[in-house]
Amino acid sequence: MDYDSLFREQLDALKDEGNYRIFAELERQCGAFPRAGHRGEGPERVTVWCSNDYLGMGQHPVTVGRMVETVQECGTGAGGTRNISGTNAHHVALEQEIADLHGKEAALLFTSGYVSNWASLSTLGSRLKGAVILSDSLNHASMIEGIRHSRAEKVIWKHNDADDLDRHLSRLDPARPRIVAFESVYSMDGDICPMAEIVEVAEKHGAMTYLDEVHAVGMYGPRGGGISEQEGLAHRIDLIEGTLGKAYGCVGGYISGSAALCDFVRSFASGFIFTTALPPAVAAAARASIAHLKNSEIERMGQRDRVRKLRARLDAAGIPHMANDSHIVPVPVGDPVKCRLISDILLREHGIYVQPINYPTVPKGTERLRFTPSPHHTDADIDHLVTALGELWSQCALARQVA
């Protein structure tokens with residue numbers, strides 16, 4: 001059998017739909033963010049507009065300095081899994097820092113936010129006898145995979161609809177473990193959940209709350225504890241999951257909660273037990289980043305100013321953008337081919353890097369460009385971006401937004 005032909009057949013179909021993904025080869029340059037080197041057709045230096053390093057902490061002297069220092073002290077790798085040879089003092093210190101961030105008894109590190117969701121939800125769903133996981137309809141793929149892998153009964157409730165959640169919980173046996181899984185900031189639309197309403201419904205029914213804060217930690221709350229801290233609700237959430245790879249500028253994921261909950265996941269989650277631990281230098285840098293953002297509002301305030309500026313300029317140019325209260329600025333295109341074309345021209349002719357967001361990341365017909373302004377984008381960067389978008393909106397005959 002010619003397996004390559006089977007592969008090519010499906011790849012060709014993906015290309016015909018306009019959903020084939022092409023990666024631009026970039027080189028992040030420390031101290032120059034959001035500038036990056038570009039290897040490929042177009043300018044050798046571009047401005048990045050879609051990074052999840054939301055605050056530029058991946059280049060901050062505190063983060064970089066601590067990582068370099070720890071590499072010199074500990075070397076590069078962790079030496080193995082946490083269970084065998086990979087637990088390091090830097091891992092323990094980082095878990096304590098995270099637990100303090102969220103006001104929890106304990107925390108547990110994973111190699112990525114994807115793994116922390118997948119491993120934790122699959123473990124909770126499979127090990128708690130008779131468990132039902134109630135999942136918001138727009139939850140991230142990592143949460144969906146964790147729920148699927150758990151083989152627990154799942155219930156999908158309407159996005160951000162606490163009343164629908166209440167109806168579903170009312171139908172379930174209160175003797176069964178019930179886990180309400182949802183996110184604070186949804187990364188594609190940038191909308192923020194009605195957290196207080198969801199928590200109240202879950203508490204009313206005695207259900208466990210599982211909150212994904214990956215796009216909010218570092219960004220919201222007086223110490224960067226996320227929407228749950230901003231709204232004063234962290235103490236009412238059973239498990240808070242987050243990432244070190246976005247606002248904190250490093251890599252890795254985690255959960256935080258009671259000591260018993262974290263120990264339970266540590267003891268039974270294959271995604272934790274059988275994988276090599278984060279390098280100590282990464283853990284040390286992440287801890288330094290978290291500690292810095294607990295005490296500094298400069299980065300968050302600068303980022304919010306840039307978001308306001310970009311939205312105002314888009315409004316003035318008639319470029320549509322989806323309204324939300326977060327740091328994410330989605331600009332709808334609604335066509336995968338045009339979305340890819342606009343992205344390509346922005347990179348090739350204007351030195352602007354923003355990846356098209358197409359199916360399956362978003363539903364067909366809702367293709368978009370997703371902009372994430374950082375504190376380091378200048379007024380000139382914003383003006384250059386909006387001018388280029390305005391030209392392309394006309395070239396592609398896309399509808400303007402009427403003020």
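Q: Which residues touch the most other members of the largest nonpolar core?
A: A nonpolar core is a set of buried Ala, Val, Leu, Ile, Met, Phe, Trp, Tyr and Cys residues joined through side-chain atoms within 4.5 Å. Buried is under 20% relative accessible area, exposed is over 50%, and partly exposed is in between (1.4 Å probe, protein chains only). Here the largest core has 51 residues, and L134, V180, F182, M195 and L244 touch the most other members. Keep in mind that this is a predicted model: local features need pLDDT of at least 70 and side-chain atom pairs pLDDT 80 or more, while totals for chains, interfaces and linings use all residues. Residues are numbered from 1 along each chain as its sequence is written, and side-chain values use heavy atoms, with hydrogens and water left out.

Q: Which elements give two or more residues to this core?
A: Elements are DSSP runs numbered from the N terminus: helices are H or I with at least four residues, strands are E with at least two. The list here includes the helices α4 (89-102) and α7 (162-170), plus the strands β5 (132-136) and β7 (178-183). Helix α12 gives the most, with six residues. There's also another core apart from this one, with 31 residues, among them I342, L346, I352 and L369.

Q: What does L134 touch?
A: Contact means heavy atoms within 4.5 Å. Skipping residues up to four places away in sequence, L134 touches a set that includes V155, W157, L165, I179 and V180.

Q: Is A107 buried or exposed?
A: A107 has 10% relative accessibility, so it counts as buried. You'll find A107 in strand β4. Beyond its neighbours within four places, A107 is in contact with E95, I98, A99, I255, S256 and C262. Take S256: it is 149 residues from A107 in sequence, yet the two are 4.0 Å apart, C-alpha to C-alpha.

Q: What is the order of the open sheet of four strands?
A: Strands of a sheet pair through backbone hydrogen bonds, either parallel or antiparallel. To count as a pair, two strands need at least two DSSP bridges between them. In this sheet the order is β1-β2-β3-β12, and the pairing is mixed. β1 (25-28) and β12 (352-353) each have a single partner strand, so one side of each has no neighbour in the sheet.

Q: How many bridges pair β1 and β2?
A: Four, in the antiparallel sense, with β2 covering residues 35-39. E27 has G37 as its bridge partner, and R28 stands opposite A36. The two strands form a hairpin with six residues between them, and G31 in the turn has a positive phi of about 90°.

Q: How many cavities of 30 Å³ or more does the structure hold?
A: On a 1 Å grid over the protein atoms alone, a cavity is a set of points where a 1.4 Å probe fits but cannot get out, and lining residues have an atom within 4 Å of a point. Points are joined across faces, edges and corners, and the volume is the space filled by probe spheres set on them. This structure holds one of that size. The largest cavity has about 70 Å³ of space. Its lining includes R82, L109, F110 and F272. β4 (106-110) and α11 (270-273) are the elements that give two or more residues to this lining.

Note on methods:
1 Å grid on protein atoms, 1.4 Å probe; cavity = no way out; pocket = protein on both sides within 12 Å on 5 of 7 lines; lining within 4 Å.
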